[in-house]
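Trainee: I have a new model open and would like to go through it with you. Could we take it one question at a time?

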Amino acid sequence: MIFDTIAAISSPLGTGAISVIRLTGKNVLQVIDDLFSNKNPEPKKMYYGWIKDKNEIIDEVTWVYHKGPKSYTGEDMLEIFGHGGILVTKKILNIILSKNIREALPGEFSKRAVMNKKMDLVKAEAINELIHANSEYALKAAANQMDGKLSEKIQILKKELFNIAARIEVEMDYPDDFEVDNFEFLNSLNAIKEELEYLYENADNGISAIEGIKMAIVGKPNAGKSTLLNALLRKDRAIVTDIPGTTRDTIEESLSIRGILIKSIDTAGIRKTDDIVEKIGVERSLKAIEESKLILFVLDNSTGIEDYDKEIYEKIKQFNKDIIIVINKSDIHNKDNFDIPWQNHDVVRISAATGNIKNLEDLIYNKLKNTVTTNEFTLTNERQKQAVKKAIDSVIKAIEGIELGLTNDAIMFDVRKAIEGLNELTGEDYTETLLDNIFGNFCVGK
Ligand code: GDP
């Protein structure tokens, strides 16, 4: 499919050595002729030229023509490399747009690549995740998916489902000549189910690597929660003061511990209160704890364990989460090393104020690393996971149908539904709305 011609600035808008402007669509050759008086450019060759607005010189550039379908989008494309100034780059884009060319929507280049079958949806999402990755594990998860092994596996599974569908169809058309071998079908369907279940069960690792793992920091006022969050972030984000209860609301911060993306929530108090504002804070904190995978329970070495700490512990233990007991202010030695009355938790001593938190970081890393480890077959978002779930459910129904001796029609229906699920995963069965939703999150020019 060849669509209308669109253009966008594909490099970040800022001052740099080079900026890139891209075009794709049916009128690219016309634009090249208009801009550079070249009617017959050789594909993939870098040309040198000038961008002019009427007779006024705008920039000295290089440019490359990519002839469809051998291009990122599968259509004719033009890439112009100009000097990387904000104003000059915008001017070049405006000159192009004045030639009846439309400005591209976010992700529209990649959307076209998918629509033109240059790549599947899984790969397009992987590219986007790669661009936005802000931790080592996220980068690994995205890069793993980009290599295409997952897409290959899905194609193989789909082919097997098609084979099953075809054989059922033959039997339906020629019931006297062919007999379906149920045993063989069950074997194939069970093997497909196992492969899909492996993908489904490991999806959470990919999602955690990309989206981050939630961790709540709880403790009484002044225990040092904000100071700890800052130490983990190594920047002054949360406001630290000596007045108890400064952290009125929850503060969510993204941080990376040894390459694992963590969404850390510094909670407001979780003590019962009559104050309306505080009450909202308490509710938010409880919700944050509920959503977290890990809780850091911060105690204050300078006060020892007080009733307030006990009250908090009683509250958080109800959530049945992994709790790390963090004894902060270990630089202040005015209390004997107190005993922790609560069993079965890891205990670490730190000093958030002096930045002595390495043992805590090590512990968090060791606890979480297995939950973000990915391979080439790891799904990386909820959409992919749900598409696979749909396929699994349908394969299970088909298996049950065969076991119950249902009609070929009924089994065929479920096999088709399973194929549909896999098509949704790879984007072969797309609707414009689905693609718009996905690509709306991409950068302009990608
Ligand atoms: P929050 O209410 O739990 O968030 O506590 P803050 O982070 O605001 O800290 C309360 C006070 O304790 C501040 O004065 C911090 O400077 C101090 N503090 C925090 N961590 C440490 C620490 O490791 N050692 C010492 N000596 N003081 C700390």
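**A walk through the model**

Mentor: Gladly! Keep in mind that this is a predicted model. Let's begin with a pair of strands: β7 (residues 213-219) and β10 run parallel and are joined by 5 bridges.

Trainee: Which residue of β10 is the bridge partner of Ala216?

Mentor: Strands β7 and β10 run parallel. Within that pairing, the partner of Ala216 in β10 is Ile295.

Trainee: How many bridges join β10 to β11, and which residue of β11 is the bridge partner of Leu299?

Mentor: Strand β11 covers residues 322-328 and runs parallel to β10, with 7 bridges joining them. In β11, the partner of Leu299 is Ile327.

Trainee: What is the handedness of the β-α-β unit that β10 and β11 make with a helix?

Mentor: The helix in this unit is α10, residues 307-317. Together β10, α10 and β11 form a β-α-β unit that is right-handed.

Trainee: How many residues of β10 are buried?

Mentor: Look at both ways the side chains point. Leu294, Leu296, Val298 and Asp300 point one way, Ile295, Phe297 and Leu299 point the other way, and all are buried. For the strand at residues 294-300, the count of buried residues is therefore 7 of 7.

Trainee: Which residues does UniProt list for "binding site", and is Ser226 buried or exposed?

Mentor: The unreviewed UniProt entry lists Ser226 and Thr247 under that feature. Ser226 lies in helix α8, residues 225-233. It has 22 C-beta neighbours inside 10 Å, and the cut-off is 20 or more, so Ser226 is buried.

Trainee: How many residues of α8 are buried, and which residue with a positive phi follows the helix?

Mentor: Helix α8 is mostly covered, with 8 of its 9 residues buried; among them are Lys225, Thr227 and Asn230. After α8 comes a residue with a positive phi, near 55°, and that residue is Arg234.

Trainee: Why do Asn100 and Lys117 count as exposed?

Mentor: Both have a positive phi without being glycine: near 65° for Asn100 and about 60° for Lys117. Most residues other than glycine have a negative phi. Asn100 is in the loop between α2 and β6, and Lys117 is in the loop between α3 and α4. A residue is exposed at 12 or fewer neighbours, so the deciding counts within 10 Å are 11 for Asn100 and 12 for Lys117.

Trainee: Where is the cis peptide bond that ends at Pro69?

Mentor: Pro69 sits in the loop between β4 (56-66) and β5 (77-84). Most peptide bonds are trans. This one has omega near 5°, and it runs from Gly68 to Pro69.

Trainee: What distance separates the centres of domain 1 and domain 2?

Mentor: The assignment gives domain 1 as 6-106, domain 2 as 124-208 + 377-427, and domain 3 as 213-371. Taken over C-alpha atoms, the centres of domain 1 and domain 2 are separated by 41 Å.

Trainee: What is the radius of gyration of the protein?

Mentor: Start with the extent of the C-alpha trace, which spans about 80 × 80 × 40 Å along its principal axes. A compact globule of 446 residues would come out near 22 Å, but for this protein the radius of gyration is 29 Å.

Trainee: What share of the residues is buried?

Mentor: The protein has 14 helices and 12 strands. Over its 446 residues, the buried share is 40%.

Conventions:
Residues numbered from 1 in each chain as written. Predicted model: local features only at pLDDT ≥ 70, side-chain atom pairs only at ≥ 80, totals over all residues. Helix = DSSP H or I, 4+ residues; strand = E, 2+ residues; numbered from the N terminus. Pairing = 2+ DSSP bridges. Right-handed = clockwise from strand over helix to strand, strands pointing away. UniProt positions renumbered as here; feature names shortened; annotations may be inferred. Domains from an automatic or database assignment. Rg over C-alpha atoms; globule rule 2.2 N^0.38 Å.
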